[in-house]
Amino acid sequence: MNIPRLVVAAPSSGAGKTTVATGLIAALAARGLAVSPHKVGPDYIDPGYHGLAAGRPGRNLDAFMCGPERIAPLFLHGAAGADVAVVEGVMGLYDGASGRGELASTAHVAKLLRAPVVLVVDASSQSRSVAALVHGFASWDPEVRLAGVILNRVASDRHEQLLREALEEGSGVPVLGSVRRSAAVATPSRHLGLIPAVERSAEALRAVADMGELVAASVDLDAVLALARTAPPLDAEPWDPAAEMAELVAAGFPVAGAPRAGAPRAGAPRIAVAGGAAFSFSYAENTELLTAAGAEVVPFDPLHADGLPEGTAGLVIGGGFPELYVRELSANGQLRSAIAAFAASGGPVAAECAGLLYLGRELDGLPMCGVLDTSARMTERLTLGYREAVALHDSPLAPTGTRVRGHEFHRTVCEPGAGERAAWGWRLPTGPRTEGFAAGNVHASYLHLHWAGSPQLAASLAAAAAAHRAN
């Protein structure tokens, strides 16, 4: 299978690669092309804008959490049926997992995908020096094919001329476009990055349309497509959640039902998955794995639902920004009581980050669900980084000893940060740490997990839901 593709990278964060990548997706989609959007790394927010631009889910490609061997299969799964794929990088082109060389960097993923790279350069404070910068990035790793440059935040026609002349003379990398400074496409941000598209609705759609129009007017889209079509075929098969479940079944791992794809069968255990503006962080593959494991996935919005979906046998509460909706969440006492009753009945619950805060006694002084004996508050300190964790106690998500790779990203703190039965243990430069709660049939932690890297998590939760429904 061969899908035309390219990676949009930058020398560093803040160069404008999200604007350019989202704009490229929107501009190509406006031409009538089926565009598959992808994001390197664990970030949830950029894929939301990508998805608006493309009309199909934005998907993550994280070589740390999912393993390098799954990157090409996950890409092919997500890009099925697409005419072209646009992959937005993370941080600077060569920045990977801390202390692990190129692992999980944009360059690493570009090599795994055998994809040409387009470098977005913030040209706002330079002219001739741009050639030295691009030459350095193009020559640093000969396995990375830096095949084009898009100049961003260009001040004037004269500025553009100077930049182009320097690049023609000194880099040998063609200029595919020159984007002028524009406040119209600015995407508002806050303490953890961009504001998620799901929270902005009409504003987000307008911002995406503006990005598409700006890029269409500033970038040679024909040249971009021609470059994407130079990507060679990938020697991989598309990732298949049903096949992942079949492997677990063959290894004797319990699942809720026979591995499958498509719509749930009658009698499948129903797993409610929180969504909406307060819980907008999720990976599409997680719910695909739950379905393949035999569950029926039913979304609900805790900001508006007055109870759990009828017949709920399992509950997933993922990440997001509950601290911004704490009053609304607290005011919905009917749902908080329903969740507390479900957990007290032995219903399996898997919560991460925002879900952890929601399950605690209170958040910033306002009552939450009271399932966990912990309270949370906002702080100024950002906790950020990849983690290699081991499950310290049995839970509906992971038996004791399960090893996972995840990502932590928050400005809140829970007191206490771990229960007597902690969810995970991991080692930091400052020493070992226990974190989260494995209380009864509840698993709650700050750790974000991409279940494609650990498909047994979906199988465990679906099996726990099936057992709870049977009781």
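This is a predicted model: local features need pLDDT of at least 70, side-chain atom pairs count only at pLDDT 80 or more; totals for chains, interfaces and linings use all residues.
Trainee: Which element gives the largest share of the lining of the second largest pocket?
Mentor: Several elements each supply at least two residues of that lining, including α8 (197–200), β10 (270–274), α12 (284–292) and β21 (442–445). The helix α2 (45–54) is also one of them. With 5 residues, the largest share comes from α2.

Trainee: How many residues in the lining of the second largest pocket are charged?
Mentor: Take the classes one by one. The nonpolar residues number 26, and the polar ones 13. That leaves the charged class, with 1.

Trainee: On to rings. Are Tyr 44 and Tyr 283 stacked or edge-to-face?
Mentor: The structure holds 7 aromatic pairs, and Tyr 44 with Tyr 283 is one of them, their ring centres being 4.4 Å apart. A pair of aromatic rings is described by the distance of the centres and the angle of the planes. Planes under 30 degrees apart count as stacked. The planes of Tyr 44 and Tyr 283 are at 20°, so the pair is stacked.

Trainee: How many residues apart are Tyr 44 and Tyr 283 in the chain?
Mentor: Tyr 44 sits in the loop between β2 (35–40) and α2, while Tyr 283 is in the loop between β10 and α12. The pair links distant parts of the chain, and the separation is 239 residues.

Trainee: Is Tyr 283 buried or exposed?
Mentor: Buried means under 20% relative accessible area. Tyr 44 has 12% relative accessibility, so Tyr 44 is buried. Tyr 283 has 3%, so Tyr 283 counts as buried.

Trainee: Which residues form one aromatic cluster with Tyr 44?
Mentor: Tyr 283, the stacking partner of Tyr 44, belongs to the cluster.

Trainee: Which residue has its charged end over the ring of Phe 64?
Mentor: Phe 64 is in helix α3 (residues 63–66) and is buried, with a relative accessible area of 2%. The charged end in question sits 4.5 Å from the centre of the Phe 64 ring. It belongs to Arg 405.

Trainee: Now charges. How far apart are the closest N and O atoms of Asp 46 and Lys 39?
Mentor: The structure holds 23 salt bridges, and Asp 46 forms one with Lys 39. Asp 46 and Lys 39 are both buried. Their closest N and O atoms are 3.1 Å apart.

Trainee: How many residues apart in sequence are the parts that Lys 111 and Asp 141 tie together?
Mentor: Lys 111 forms a salt bridge with Asp 141, with 2.8 Å between the closest N and O atoms. Lys 111 lies in helix α5 (residues 106–113) and Asp 141 in the loop between α6 (129–140) and β6 (146–154), so the pair ties together parts whose separation in sequence is 30 residues.

Trainee: Is Glu 169 buried or exposed?
Mentor: Glu 169 forms a salt bridge with Arg 128, the closest N and O atoms being 3.2 Å apart. Arg 128 is exposed, at 59% relative accessible area. Exposed means over 50%, and Glu 169 has 60%, so Glu 169 counts as exposed.

Terms used
Residues are numbered from 1 along each chain as its sequence is written. Side-chain values use heavy atoms; hydrogens and water are left out. Helices (H or I, at least four residues) and strands (E, at least two) are DSSP runs, numbered from the N terminus. Ala, Val, Leu, Ile, Met, Phe, Trp, Tyr, Cys and Pro count as nonpolar, Asp, Glu, Lys and Arg as charged, and the others, Gly among them, as polar. Rings of Phe, Tyr and Trp (its six-membered ring) pair if their centres lie within 6.5 Å; planes under 30 degrees apart count as stacked, over 60 as edge-to-face and the rest as tilted. Buried means under 20% relative accessible area, exposed over 50%, partly exposed in between (1.4 Å probe, protein chains only). A charge sits over a ring if NZ of Lys or CZ of Arg is within 6 Å of the ring centre and within 35 degrees of the ring normal. A salt bridge is a side-chain nitrogen of Lys or Arg within 4 Å of a carboxyl oxygen of Asp or Glu.
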